[in-house]
Amino acid sequence: MFASSHRRSGGFTLIELLVVLAILTLLAGLVGPRVLGQLGGAKSKTAAVQIADLEKSLELFKLDVGRFPTTEEGLQALSVKPATASGWNGPYIKGGVPNDPWGKPYRYTAVAAGIEIATLGADGTTGGDGENADVKNQQ
């Protein structure tokens with residue numbers, strides 16, 4: 001008389017959900033470190049590109065003024081005319097001097113052999129490996 005109709009509801013079982021969560025956890029464990037590693041390398045590459053752009057802007061400054069900015073004038077000489085820079089035809093960089101990818105200002109030093117532009121990496125200290133490594137121009 002009473003036929004028992006055993007219908008299954010449209011949801012997922014606990015086992016199915018646990019299997020899906022286990023698969024997602026494995027994927028995140030395998031893919032996550034690789035993605036984060038690529039992001040770190042991107043910041044170092046960005047710093048190298050920015051340093052090369054700053055170096056080109058400094059070369060333009062030197063063509064107009066006849067010298068590189070002094071250490072005291074710094075990279076700001078690319079966007080604001082120094083008092084002693086006759087022939088300055090800037091600004092030589094759009095939007096002002098950028099900070100490094102870690103939010104710190106680039107270090108600029110005028111040396112006898114030319115110029116040095118550097119960033120100390122993620123840790124902000126000299127030396128280091130990976131993201132903490134210093135990035136500088138090729139002088």
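A search of the whole structure, which is a predicted model, turns up one salt bridge. Two aromatic pairs are also present, and ring pairs tie Phe61, Trp88 and Tyr92 into a cluster. Strand 2 (residues 114-119) is largely enclosed by the rest of the structure, because five of its six residues are buried.

**The salt bridge**

- The partners are Glu73 and Arg67, whose side chains meet with an N to O distance of 2.9 Å.
- Side chains of opposite charge can pair when their charged atoms come close.
- Glu73 counts as buried because its relative accessibility is 18%, which falls under the 20% cut-off.
- Arg67 has a relative accessible area of 24%, so this residue is partly exposed.

**The aromatic cluster**

- A pair of aromatic rings is described by the distance of the centres and the angle of the planes.
- The structure holds two such pairs.
- Phe61 and Tyr92 are edge-to-face, because their ring planes stand at 70 degrees, with the centres 5.7 Å apart.
- This pair connects distant parts of the chain: Phe61 belongs to helix 1, while Tyr92 sits in the loop between helix 1 and strand 1, 31 residues apart.
- Phe61 and Tyr92 are both buried.
- Tyr92 also pairs with Trp88, again edge-to-face, at 5.7 Å centre to centre and with 85 degrees between the planes.
- Trp88 is buried, as is Tyr92.

**The strands**

- Strand 1 (residues 107-111) pairs with strand 2 in the antiparallel sense, over five bridges.
- The link from strand 1 to strand 2 is a hairpin of two residues.
- Across this pairing, Ala110 stands opposite Ile115 in strand 2.
- Strand 2 is also joined to strand 3 (residues 135-136), by two bridges, and these strands run antiparallel.
- Here Thr119 is found opposite Val135 of strand 3.
- In a regular strand the side chains alternate between the two faces of the sheet.

- Ser44 lies in helix 1 (residues 14-65).
- With a relative accessibility of 18%, Ser44 counts as buried.
- Which residues is Ser44 in contact with, leaving aside its neighbours within four places in sequence? They are Trp102, Gly130, Glu131 and Val135.

Key:
Residues numbered from 1 in each chain as written. Predicted model: local features only at pLDDT ≥ 70, side-chain atom pairs only at ≥ 80, totals over all residues. Heavy atoms only, no water. Buried < 20%, exposed > 50% of the residue type's maximum accessible area, 1.4 Å probe, protein only. Helix = DSSP H or I, 4+ residues; strand = E, 2+ residues; numbered from the N terminus. Pairing = 2+ DSSP bridges. Contact = heavy atoms within 4.5 Å. Salt bridge = Lys/Arg side-chain N within 4 Å of Asp/Glu carboxyl O. Phe/Tyr/Trp six-rings, centres within 6.5 Å; stacked < 30°, edge-to-face > 60°.
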